[in-house]
Amino acid sequence: MAEVLIRQKIDGGQRLLAVLIDPDKMSFDDKSSVWQLLGRHRPDLLLVGGSLLTLGDVHQTVTWLKARFDLPVWLFPGNYQHLTPAADALLLLSLVSGRNPEFLISQHVAAAPLIRRMNLAAIPTAYMLVDGGVPTTVSYISNTQPIPANKPDVAVATAMAAELLGMQMIYLEAGSGAANPVPPTMITAVRQAVGLPLIVGGGIRSAQSLENAYLAGADIAVVGTAWEQNPAIIAEMIAVRNKFGN
Ligand code: 1GP
């Protein structure tokens, strides 16, 4: 099972790179250099989703990716409609940094029968939005406030609560297109406080900020916007990941 392989890599101390694919923003054309580059410089994981999908189709996107890349594809849903049995696993996100019951539990109630029917491997994930310096789609759509970037103690207590509640992963998120990524000091504080795999994303635009995230303790770093804007950056990102024992 794909999610088990990822867990094994993390438990073995590897640092992983995930590429976020937003079905709304990509062109799924075999001839596009984006996909050729991705085939040559292989990340560990593909995430499919986004806070707001309009024209993009999650099922078609996942099916297209699975037919072309021998890579695990996990769902990163904005809501319970963004599900498909074609994916290898689902990040079942609970927005624990916020105080909006819709994204803490309501979406999950709506999704649960579908997840069961699709036989999807769900990974309960504490989704923690951190202020990335600009308003982000996830903050606006979820109607929640991010954790202030200079309050690592709040992030630590939130992550501890998530671990006690039985979550299996933590996702520290500055929001897609964030001006600033999650501060390394906050990543390290959370890393030291909980034993769960740590996903970090939002605003990672350069090899240096990726390296900073790994050095601070990220197990999986997620890159979306930087790769959409400059697909060739994947080669640099893979080179950084490979420095961490892959
Ligand atoms: C967003 O963490 C991801 O959910 C990726 O963010 O688009 O800023 O890379 P970016």
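Two strands are said to pair if DSSP finds at least two bridges between them. In this predicted model, strand S1 (residues 16-21) and strand S2 (residues 45-49) pair in the parallel sense over four bridges. Eight strands close into a barrel with parallel pairing, in the order S1-S2-S3-S4-S5-S6-S7-S8. On average, neighbouring strands of this sheet are turned by 30° against each other, direction ignored.

**Around strand S1**
- Valine 19 has leucine 46, in S2, as its bridge partner.
- Helix H10 (residues 233-243) lies across S1 and strand S8 (220-223), and runs at about 150° to S1.
- Glutamine 14 is placed in the loop between helix H1 (2-11) and S1.
- Glutamine 14 counts as partly exposed because its relative accessibility is 25%.
- From C-alpha to C-alpha, glutamine 14 and alanine 86 are 26 Å apart in space, and they are 72 residues apart in sequence.

**Aromatic pairs**
- The structure holds nine aromatic pairs.
- The pair of phenylalanine 28 and tryptophan 35 is stacked, because the ring planes are at 20°; the ring centres are 5.5 Å apart.
- Tryptophan 35 is buried, with a relative accessible area of 4%, whereas phenylalanine 28 counts as partly exposed at 25% relative accessibility.
- Tryptophan 35 also forms a tilted aromatic pair with phenylalanine 69, at 6.1 Å centre to centre and 50° between the planes.
- This pair links distant parts of the chain, 34 residues apart: tryptophan 35 is in helix H2 (residues 33-40), and phenylalanine 69 is in the loop between helix H3 (58-68) and strand S3 (73-76).
- Phenylalanine 69 is buried, because its relative accessible area is 9%.
- One aromatic cluster is formed by Phe28, Trp35, Trp64, Phe69 and Trp227.

Key. Residues are numbered from 1 along each chain as its sequence is written. This is a predicted model: local features need pLDDT of at least 70, side-chain atom pairs count only at pLDDT 80 or more; totals for chains, interfaces and linings use all residues. Side-chain values use heavy atoms; hydrogens and water are left out. Helices (H or I, at least four residues) and strands (E, at least two) are DSSP runs, numbered from the N terminus. Axes are lines fitted to C-alpha atoms, for helices over the stretch in contact, and angles run from 0 to 180 degrees between N-to-C directions. Contact means heavy atoms within 4.5 Å. Buried means under 20% relative accessible area, exposed over 50%, partly exposed in between (1.4 Å probe, protein chains only). Rings of Phe, Tyr and Trp (its six-membered ring) pair if their centres lie within 6.5 Å; planes under 30 degrees apart count as stacked, over 60 as edge-to-face and the rest as tilted.
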